[in-house]
Amino acid sequence: MALRHVDFELEAKLAGPAAGPSPRGSGKLERKRYRDGSERLKVSLRKLDVADDSVALVTCGGIEITRLPITRGRAGLDEESPGPGVIPSLQAGQSVEVYVDGVLLLAGILFED
């Protein structure tokens, strides 16, 4: 398998809000653009204290990015596109939030990696 060179990468580490009775999990969102023009969006959520078959709504800058089913406290997405336009455009400094049933579980800020 040939290595692809990363042209641009954004990452947000996701954690539970500071206010609240206990941590509600953790996660990470990564968006990469490669020199060949392909793009990748990866979301990894873990240790979510919610019922199985709940759905995580992932937003960035107030815009829905994806909805992910949760099983055993975990959810994930690993999506690639052959070119621009399929994966949402994201910017460093934007906030990423994860909601379940309207409750904010995780949040973080995108930074250039």
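## A loop residue to start with

Ala 92 sits in the loop between β6 and β7, where strands are DSSP runs of E of at least two residues and helices are runs of H or I of at least four, numbered from the N terminus. This is a predicted model, so local features need pLDDT of at least 70 and side-chain atom pairs count only at pLDDT 80 or more, while totals for chains, interfaces and linings use all residues. Residues are numbered from 1 along each chain as its sequence is written, and side-chain values use heavy atoms, with hydrogens and water left out.

With a relative accessible area of 44%, Ala 92 is partly exposed; that label covers values between buried (under 20%) and exposed (over 50%), using a 1.4 Å probe and protein chains only. Leaving out residues up to four places away in sequence, Ala 92 touches Leu 10, Leu 110, Phe 111 and Glu 112, a contact being heavy atoms within 4.5 Å. Ala 92 and Leu 10 are 82 residues apart along the chain, yet their C-alpha atoms are separated by 6.7 Å.

Not counting residues up to four places away in sequence, its contacts are Leu 10, Leu 29, Arg 31, Cys 60, Ile 65 and Leu 110. Take Arg 31: 59 residues separate it from Leu 90 in sequence, and the C-alpha to C-alpha distance is 7.8 Å.

## The whole chain

Zooming out, the chain has 0 helices and 9 strands, so the pattern along the sequence is simply β-β-β-β-β-β-β-β-β. Along its principal axes, the C-alpha trace spans about 45 × 25 × 20 Å.

As for burial, 39% of the 113 residues count as buried. If you look at contacts between residues at least 6 apart in sequence, 55% of them join residues at least 24 apart. On the charge side, there are 15 positive and 17 negative side chains, with the centres of the two sets 4 Å apart. Here Lys and Arg count as positive and Asp and Glu as negative, leaving out His and the chain ends, and each charge is placed at NZ of Lys, CZ of Arg, CG of Asp or CD of Glu.

## The core

The largest nonpolar core has 24 residues, and Leu 29, Leu 45, Val 58, Val 96 and Leu 110 touch the most other members. Such a core is a set of buried Ala, Val, Leu, Ile, Met, Phe, Trp, Tyr and Cys residues joined through side-chain atoms within 4.5 Å. Strands that each supply at least two residues of this core include β1 (6-15), β3 (39-46) and β7 (95-100).

Setting aside residues up to four places away in sequence, Leu 45 has contacts that include Leu 14, Ala 56, Leu 68, Val 98 and Leu 106.

## Two positive phi values

Most residues other than glycine have a negative phi. Arg 72, in the loop between β5 and β6, has a positive phi of about 50° and counts as exposed at 72% relative accessibility. Asp 101, in the loop between β7 and β8, has phi near 50° and is exposed too, at 71%.
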